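Hi,

Here is the structure I promised to pass on. Have a look at it first, and then read my notes below.

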Amino acid sequence: MRARRRDTVVRAAFLAPAAVYLLLFLGRPLVDNIEASLRESTATTLLRGQAPFTGPDNHVRLLTSDEFWRAAATTGLYTAGSLVTQFTAGLALAVFFHRRFPLGRLVRSLMLLPWLMPLVATGTAWRWMLDADDGVVNEALRALHLVTSDVPWLTGTQEALWSVVLVNTWVGIPFNTALLYTGLQAIPPQVYEAARLDGAGPVLLFRYITWPQLRPTATVVLALGVIYTLRAPDIVLALTGGGPAGATQTLAVLAYEQAYTQYEFGRAAATGNVLVLVSLVLALIHLRALRRARRL
């Protein structure tokens with residue numbers, strides 16, 4: 001009995017610093033954000049020192065606005081497009097790097113550079129590359145005779161969304177590759193050897209060994225990718241600023257514009273609450289799927 005109590009105390013002591021950190025740096029801002037969303041928090045009310053309590057008005061105005069639902073649809077397309085391309089390319093590269101070859105470690109290390117670079121710097125570089133008039137992408141396409149006129153990568157209402165998906169994919173591929181490669185390394189090589197002796201080819205090896213063993217790691221990668229893509233407006237702001245005509249305005253960008261352009265802090269807080277709620281639901285789904293995958 002005493003040993004159990006001692007173990008409980010030791011576990012609580014190890015968890016206490018993390019719990020305090022979460023309460024101070026995550027719990028308190030979340031409570032403040034919820035409080036701000038229930039008040040008429042604007043630049044004017046803040047200067048006066050008074051922010052009248054309005055209850056759920058900010059949330060009702062948000063959920064009944066066409067701007068919110070348009071941003072929600074754009075967020076869905078942006079997130080889905082980014083995840084599919086990031087995960088597919090990351091998985092292919094992880095399987096490729098799983099085989100040993102000269103300078104393999106060096107190449108894997110260099111691949112992390114796009115993910116380690118500041119997002120604003122990445123977005124600025126890609127904005128120059130995708131410029132319709134002087135960008136190197138259009139110049140290369142013209143030199144290869146693949147296009148006859150400049151492609152409006154960032155100024156076309158249809159091209160802009162897929163351009164930000166492309167850049168976000170470029171940033172996210174190294175992260176997906178690194179985690180999936182780690183998951184592949186955890187699979188015992190004896191399993192592959194036994195399957196090869198039974199005549200299994202590459203397709204059967206991947207279907208019946210690699211993917212089932214990699215499923216828990218893939219679940220983590222996809223969940224983190226969704227949450228990160230939902231909450232990060234950096235790439236979109238650096239490339240298009242949410243334009244043209246709102247074609248790339250995601251919920252995160254909408255919250256940024258409400259807070260720092262329109263100075264409607266209450267509405268921005270309400271938009272942030274929606275993002276937090278969606279992230280929380282996805283995190284719970286992720287935990288449930290992870291537990292189910294571990295049982296298989």
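The word "buried" stands for under 20% relative accessible area, "exposed" for over 50%, and "partly exposed" for anything in between, using a 1.4 Å probe and protein chains only. You'll find threonine 169 in helix H9, residues 159-185. Leaving out residues up to four places away in sequence, threonine 169 touches Gly81, Ser82, Thr85 and Gln86. A contact here is a pair of heavy atoms within 4.5 Å.

Before going on, a word on where this comes from: it's a predicted model, in which local features need pLDDT of at least 70 and side-chain atom pairs count only at pLDDT 80 or more, while totals for chains, interfaces and linings use all residues. Residues are numbered from 1 along each chain as its sequence is written, and side-chain values use heavy atoms, with hydrogens and water left out.

Now compare arginine 28, which sits in helix H1, residues 2-37. Is arginine 28 buried or exposed? Arginine 28 counts as exposed because its relative accessibility is 53%. From arginine 28 to methionine 117 you go 89 residues along the sequence, and 29 Å through space from C-alpha to C-alpha.

Next, the whole chain. How many helices and strands does the chain have? There are 14 helices and zero strands; both are DSSP runs numbered from the N terminus, helices being H or I with at least four residues and strands E with at least two. The C-alpha atoms fill a box of roughly 80 × 75 × 30 Å along the principal axes. The chain has 296 residues, and 36% of them count as buried. If you take the contacts between residues at least 6 apart in sequence, 66% join residues at least 24 apart.

One helix pair is worth a look too. Two packed helices are described by the angle between their axes and the distance between those axes. Helix H10 (residues 189-197) and helix H11 (residues 202-231) pack at about 145°, with axes 11 Å apart. The axes are lines fitted to C-alpha atoms, for helices over the stretch in contact, and the angles run from 0 to 180 degrees between N-to-C directions. Where do H10 and H11 meet? Val191, Tyr192, Ala195 and Arg196 in H10 meet Leu205, Ile209 and Thr210 in H11.

Enjoy!
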